[in-house]
Protein chains: 2
Amino acid sequence: MSESSNNNINASSPNNNNASDKSNEAGKRKQQSKFKGGNTIDVEPIAGTRDFLPNEMREREWLFSKFHETSKLFGFEPYDAPILEMEDLYKRKGGEEIVQQMYNFKEKSDLNVALRPEMTPSLARLILKNRKILTLPLKWYSIPQCWRYETTTRGRKREHYQWNCDIWGVPEVTGECELFSAIIHLFKLLGLTSEKVTLRFSSRKIIEDLLKVEFGLQLSEDKFKETCIIVDKMDKMEAEDVKKILVEKVPEISEEVALKLIKLMNFKKLNPNEDYSGSKALTAFKEMLTNEEFKNGPVFKEIEEIFTLIGKNGYDIEDWIEFDPSIVRGLSYYTGVVFEAFATIEGLSRAICGGGRYDKILGTYGSKEQIPACGFGFGDCVILEILRELKLIPSYISSQKVDDFVIPFDTSFRPIAAKIVTYLRQKGRTADIYLKNPKKVGASFEYADKIGATRAIFVAPSEWNDGEKVKVKMLREKEDSATKEVTIKYTEL
Amino acid sequence: MSESSNNNINASSPNNNNASDKSNEAGKRKQQSKFKGGNTIDVEPIAGTRDFLPNEMREREWLFSKFHETSKLFGFEPYDAPILEMEDLYKRKGGEEIVQQMYNFKEKSDLNVALRPEMTPSLARLILKNRKILTLPLKWYSIPQCWRYETTTRGRKREHYQWNCDIWGVPEVTGECELFSAIIHLFKLLGLTSEKVTLRFSSRKIIEDLLKVEFGLQLSEDKFKETCIIVDKMDKMEAEDVKKILVEKVPEISEEVALKLIKLMNFKKLNPNEDYSGSKALTAFKEMLTNEEFKNGPVFKEIEEIFTLIGKNGYDIEDWIEFDPSIVRGLSYYTGVVFEAFATIEGLSRAICGGGRYDKILGTYGSKEQIPACGFGFGDCVILEILRELKLIPSYISSQKVDDFVIPFDTSFRPIAAKIVTYLRQKGRTADIYLKNPKKVGASFEYADKIGATRAIFVAPSEWNDGEKVKVKMLREKEDSATKEVTIKYTEL
């Protein structure tokens, strides 16, 4: 669910220059039609979008296979929805970036549609539509492509893929802990450690109760959502600016309260040398609060329950997880726990994924029934950047590998070569055949090399006429190996 | 490459009613905003698009896994391109349906873009862009989602997925035969037989030479393309209407020539009781021609070469393949062999996939270098409909399967249950945990049933305090089986 982070979609990956400086895209593209006059077409994809050549596609498939593997291991079921939805599905108040940057347009029959900015609204629509045939709880996952539109596209992507895992029908934090565990399972699968990545969490109920109980304010639901979205910008803006916007947009909040709020939520950053691992930050945070009822209330009970569940005698992932009240997340529908996994590598301190609890989303779509839900979105760009930086992408995935490559002696041997390659494929061996005119032996070897063939199989008259034999050359063995070259019957291949 | 057939994207699948009668979509949708006034949002996806619930998604994943498996076995490499491209990439003359029905729109910076109607133009763009780093021949595949827009959406889909395989850099029909073999490999993998499916092929060069050599006409390239696209409609229109349009749009063609042309190309249908299997239709067709130079020319040499390559001593797929001069295909860029696989099942005689040779596509994009290429597009809708009809979709894919399901005795046993489920997942077993309050045993069993668990593992005080043991219930064994229920240490699970 949700966009994994505001940073996520704009991650510019080092081996992808598509999204490089193209702020003048429209002007540039206008010249494009010149190819009709004899010049070549503009071969670049639309700014902010990516092509995937086979080596890049293998990398993507490798990452996605880890998403699938983790999801299935945890009992999440796959689902999908159209990339195009009605714009109304995404319209929300509160000034969310994701809504402001929607890739929406009017289609020919005048419908206002959008390329989905995130998956959660489609998921909610699916569940609402199929409510009667679905049994709760349900755990679903998907890897949708999500879009956004900005006028200034300087180095920012307009699309990314985003692994989404969601749990519906579980009101307790057992849901969030199961999500945490899935994320950390994936990190481990990718070779990451708790030194490189931290999952930080808090609860929207903390800021809600801070305002209500500590500061005695009564905000409407909309104003509360707006407050969260403003406070979420703390990471990217000066405290002074956040305070200004807060006081301006939410008049109920005074300058003094705004400052106190920001200071409380940001206390970890104000004490950068303190050890706040595990639940230490929770203790320190509670000490700063004055209202006993709040301190001993249900919000902190939930957070303590999380620490019990993720501890050594539970999921055993507490090394990866920190309480951090500065986590608020920039989506308006969150109602409880919110979280974000963050890379702690120098030069790459970026949000990798994020999510939270959204118990009231069905209500916003007009449903009388509310279903408790939580989930996360995990983009493909930042994680690949991190894995590249840490050299954790296995080199074997970068190039093609084929078991056998069949080369006919000349065009008259093509049918027999086809027969042999078919025989090999039926045996389950990945196999290719030289399709060009085999006159040039050098060219066929160059091709064998390109496709990463293990064996080259020559079909020539002298061997073939001697009992349907072929010459086999092992391309990955040393030149002087005795098994480097053998002649055998094709049915023994 | 190419759309697999004009029919393909509009296949309405029996278990999917999304695309049902919604011609009045816009009007209907206008009422949608009422949900803001308290009613529920319209839960339907946009007309002609599909949601995929887990059972439908598993079916799609199963089909796609066969596409991937076949592609990899044959040495095709994966690639991808953005679903959104510049509209200019698709604009072509000739009245192609695919161009007329483009899902195009103006985006915010005034660029004319389109949701891709087909993959071939993106592939050509990729190859043009990366020409210097690519070594030919290359064999690439992809499973893109393709879109189209029609104002009358009665029962027709606007999106489908389409398996694309393309071979670039091979000028000879060895390329086409490799494609045929991949398609038929997939058919076999899906459990289809040559009685249910036929691959029909011809060559655009036949109609080209018919016009030029038999009828002595000199058509421009554009007029020739237009002729092909009109003749392609023979299947859906009366011969008389095709003749009319042909004479009107291509004045060089007289009524007499048009009639002769249609009769020649349609001769198989005019003789429905004749046996035209294998190369018999080729012999019969040649007998109808008068010009010896044409009959003995390179076009028919190529077709004969195909029959040699696919024969018993080659790919051995000739039972599946027929020569059929009525195959022309509705895309303007084809230059040589064109083909279509067709279901021959009563009530389901529909095009499953289609493709051909397009040696001059780079030229249409302004490139000086031309690269010979051929490929096919194979949609997901028609094939799934056929497989459903023939009951060839294995039933095991329709529901979830999980190895283990861990149930805590009460909330105090949740951390231990989390520890056990983590242990099982680390062992590679798909495992789920009951996340709701375990008070109601019935509800947890209902959930175990829903997720298709093989074992239920109960974590309760009596067993756990006796050396960390758990009770295991085998959910798929008979009630009286001795192994139905055991109590073991959790590390022996």
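Predicted model: local features only at pLDDT ≥ 70, side-chain atom pairs only at ≥ 80, totals over all residues.
View 1. B:Glu85 stands opposite B:Ala114, a residue of β4(B). The two strands shown here, β2(B) and β4 (residues 112–115) of chain B, pair in the antiparallel sense, and three bridges join them.

**View 2. The open three-stranded sheet of chain B**. In this sheet the strands follow the order β2-β4-β3 (chain B), and their pairing is antiparallel. Because β2 (84–86) and β3 (103–106) of chain B each have a single partner strand, both stand at the edges, and one side of each is left without a neighbour in the sheet. From one strand to the next, the twist averages 35 degrees.

**View 3. Strand β11 of chain A and its burial**. Strand β11 (residues 351–357) of chain A is mostly covered, with seven of its seven residues classed as buried, that is, under 20% relative accessible area.

**View 4. Pairing of β10 with β11 in chain A**. Strand β10, which spans residues 337–343 of chain A, pairs with β11(A) in the antiparallel sense over five bridges. Within this view, A:Val338 stands opposite A:Gly356, the latter lying in β11(A).

**View 5. Pairing of β11 with β12 in chain A**. β11(A) also pairs with strand β12 (residues 373–379) of chain A, again in the antiparallel sense and over five bridges. Here A:Gly355 stands opposite A:Phe376, a residue of β12(A).

Methods: Residues numbered from 1 in each chain as written. Chains lettered and ligands numbered in written order. Heavy atoms only, no water. Pairing = 2+ DSSP bridges. Helix = DSSP H or I, 4+ residues; strand = E, 2+ residues; numbered from the N terminus. Axes fitted to C-alpha atoms, helices over the stretch in contact; angles between N-to-C directions. Buried < 20%, exposed > 50% of the residue type's maximum accessible area, 1.4 Å probe, protein only.
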